[in-house]
Amino acid sequence: MSDCTFAGQLAKYKIIPVLVLNDIESGLKRCELLCKNGLPVAEITFRTAAAEEIIRAASKEFPEMFLGAGTILNTADLHRAFDAGAKFAVAPGFNPTIVKEAMANRFLFAPGICTPSEIEQAYELGCRFFKFFPAEAAGGVKMLKAIAAPYKHLGIQFMPTGGVTLENAAEWLTLEEVAAAGGTWLNKADAEGIRKAAELAKTL
Ligand code: 3PG
């Protein structure tokens with residue numbers, strides 16, 4: 001049976017490129033490279049002014065992509081992202097105002113967490129999928145295992161980002177509670193680098 005939860009949808013790809021892009025042209029090129037090399041998924045961060053327009057253009061050009069928005073720090077950007085065609089959104093931190101707005105609009109949104117208190121507060125608002133950020137700096141796999149343990153019975157899932165690389169992605173993705181792992185290394189990777197990530201994802 002296919003899993004249509006947010007975590008389940010990202011788990012189809014496992015490795016999620018986190019993209020910081022400055023203009024539509026480079027954005028479309030990167031999306032094309034990802035699609036051609038077996039990884040038709042990306043989080044396009046709202047850290048640049050071009051993010052909204054890149055999502056709008058790439059959603060039209062590559063409808064097969066599972067394209068989301070990252071670094072959503074306010075509800076205005078949340079709406080801009082989904083209006084532009086984003087299928088999901090994430091943030092580095094837990095902002096209850098954004099979570100509530102996403103819930104009210106039935107947007108797929110994962111807040112960032114790195115403490116039990118954040119998990120509990122976001123869970124209470126209805127979140128079942130969380131970005132674990134900054135994954136490596138916060139203590140790596142050992143930290144996520146420890147932090148997730150008391151909540152195992154809730155069936156919540158995580159996407160570590162921050163320090164995830166091709167080299168350590170497999171370690172993260174073998175954790176039961178990790179649906180996908182994201183990283184900016186795929187922002188610069190060439191075709192071979194993307195293929196390697198896509199191949200690794202298939203083995204996990
Ligand atoms: C993110 O927004 O998820 C992080 O900036 C990704 O961190 P990385 O650059 O270490 O992959």
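**Ground rules.** I am working with a predicted model, where local features need pLDDT of at least 70, side-chain atom pairs count only at pLDDT 80 or more, and totals for chains, interfaces and linings use all residues. Residues are numbered from 1 along each chain as its sequence is written, and side-chain values use heavy atoms, with hydrogens and water left out.

**Ligand.** I found Arg47, Lys131, Phe133, Thr161, Gly162, Gly163, Gly183 and Thr184. I sorted this shell into one nonpolar, five polar and two charged residues. In this sorting Ala, Val, Leu, Ile, Met, Phe, Trp, Tyr, Cys and Pro are nonpolar, Asp, Glu, Lys and Arg are charged, and the others, Gly among them, are polar.

Next I checked polar contacts (N or O pairs within 3.5 Å; within protein, one atom must be able to donate a hydrogen and the other to accept it, and residues adjacent in sequence count only if both atoms are side-chain atoms). A ligand oxygen sits 2.4 Å from a side-chain N or O atom of threonine 184. For the side chain of threonine 161 I read 2.8 Å. Alone, the ligand exposes 310 Å², and the protein buries 78% of that (Shrake-Rupley method, 1.4 Å probe).

**Helix pair.** I turned to H4 (residues 75–84) and H5 (residues 96–104), whose axes come within 9 Å and cross at roughly 35°. Helices here are DSSP runs of H or I with at least four residues, strands are E runs of at least two, and both are numbered from the N terminus. Axes are lines fitted to C-alpha atoms, for helices over the stretch in contact, with angles from 0 to 180 degrees between N-to-C directions. Thr75, Leu78 and His79 of H4 meet Thr97, Ile98, Glu101 and Ala102 of H5 (contact: heavy atoms within 4.5 Å).

**Serine 59.** I placed this residue in helix H3 (residues 51–61). A polar atom of the serine 59 side chain lies 2.5 Å from the backbone oxygen of isoleucine 55.

**Backbone.** Most residues other than glycine have a negative phi, and most peptide bonds are trans. I noted that the bond from phenylalanine 133 to proline 134 is cis. Threonine 71 has a positive phi near 55°.

Key. Near = heavy atom within 4 Å.
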